[in-house]
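Morning, everyone. I have one structure to walk through today. Please have a look at it first.

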Amino acid sequence: MKRVLLIATAALLTALAVAAIQYNPADTELWEPVPAVVSAPPGQPPSDAIVLFDGRDLSAWTARDGTPAPWRAADGALVVEPGTGDLLSREKFCDVQLHLEWMVPEPDPTTTGQQRSNSGVFLQDRYEVQVLDSYQNPTYVNGQAASVYKQAPPLVNAMRPPTQWQTYDIIFTAPTFEGEQVVTPALVTVLHNGVLVQNHTELQGPTLFIGKPSYKAHGCAPIRLQDHRNPVYFRNIWVRPL
Ligand code: MG
């Protein structure tokens, strides 16, 4: 009987010791590496962001052929100059957090669907998050604002009316390749006016107007803004390589 009691006591003490180790709060505390300090004042780019447009300066952008950006800065906005071609960032990017604001003018009532203030934000020069006046303007849903064009409609339509500024916050993970083979596809998360509209969406390949996309190996590449021959406005464009 005494022996049984001793064994039971020992077992209890062991259990208590294990419990004490298991529930020591410090065991699960991580103290390093210490995250870098980033200041993020309201309405301004975070201190570690690369500013691509500050309201005046177009020097972070070029035309496709490398010549100076043919769009114009007006009243703090970067304005599409219809027919002059897309803008490409001089710098190339892979994984990024991208913030930009955009605005569409009052619609020309003769325009509908894809013709109404169309533009776009291309990650790595290939993968388009659609910019379009999607306020009371039906079109195919994987072509409306905040869609991954021709691949994924937005979860909801968070579009504000024309002449109001909209925000996009985009988190993009670049695809990876081994030789010509894709190993991991591109992933994109998008918040439109603070509303989640793409949640870790897997891309099937580069954006195509016609046909099914498929990957071709590539490296880091510019961010591209689309000239779809409509005057769309952009401002406060900044990017954080991840
Ligand atoms: Mg577009």
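Start with N236. At 18% relative accessibility, N236 counts as buried. Buried here means under 20% relative accessible area, exposed means over 50%, and partly exposed is in between, with a 1.4 Å probe and protein chains only. N236 lies in strand β15. Strands are DSSP runs of E with at least two residues, helices are runs of H or I with at least four, and both are numbered from the N terminus. The phi of N236 is near 50 degrees, which is positive, in a residue other than glycine.

A word on the source. This is a predicted model, in which local features need pLDDT of at least 70 and side-chain atom pairs count only at pLDDT 80 or more, while totals for chains, interfaces and linings use all residues. Residues are numbered from 1 along each chain as its sequence is written, and side-chain values use heavy atoms, with hydrogens and water left out.

Back to the backbone. R229 also has a positive phi, near 65 degrees. R229 is found in the loop between β14 and β15 (233–241). Is R229 buried or exposed? It is exposed, at 61% relative accessible area. Then there is a cis peptide bond, joining E32 and P33, with omega about 0 degrees. P33 lies in the loop between α1 (2–22) and β1 (50–53). For context, most residues other than glycine have a negative phi, and most peptide bonds are trans.

Next, the sheet. Five strands form an open sheet in the order β2-β5-β14-β7-β8, with antiparallel pairing. Two strands pair if DSSP finds at least two bridges between them. The edge strands are β2 (61–62) and β8 (127–131), and each pairs on one side only. β2 pairs with β5 (residues 87–93) over two bridges. In that pairing, W61 stands opposite S89.

Now the metal. Which residues coordinate the magnesium ion? They are N118 (OD1), S119 (O), E128 (OE), Q130 (OE1) and Q226 (OE1), at 2.2 to 2.4 Å. Donors are N, O and S atoms within 2.8 Å of the metal, or 3.2 Å for Na, K and Ca; water is not among the atoms, so sites may look incomplete. Along the chain, the donor spacing reads N-S-x8-E-x1-Q-x95-Q. N118 sits in the loop between β6 (96–103) and β7 (119–123), and Q130 in strand β8, twelve residues apart. N118 is buried at 2%. Q130 is buried too, at 1%.

On to the disulfide. There is one. The term means a pair of cysteine sulfur atoms within 2.5 Å. C94 and C220 form it, with their sulfurs 1.8 Å apart. C94 is in the loop between β5 and β6, and C220 in the loop between β13 (195–202) and β14 (221–225), so the pair ties together parts 126 residues apart in sequence. The S-S torsion is about -95 degrees, so this disulfide is left-handed. Both cysteines are partly exposed: C94 at 28%, C220 at 40%.

Last, the rings. The structure holds six aromatic pairs. Rings of Phe, Tyr and Trp (its six-membered ring) pair if their centres lie within 6.5 Å; planes under 30 degrees apart are stacked, over 60 edge-to-face, and the rest tilted. Y127 and Y215 form a tilted pair, 6.3 Å centre to centre, with 50 degrees between the planes. Ring pairs link Y127, F172, F177 and Y215 into a cluster. Y127 is buried at 1%, and Y215 at 16%.
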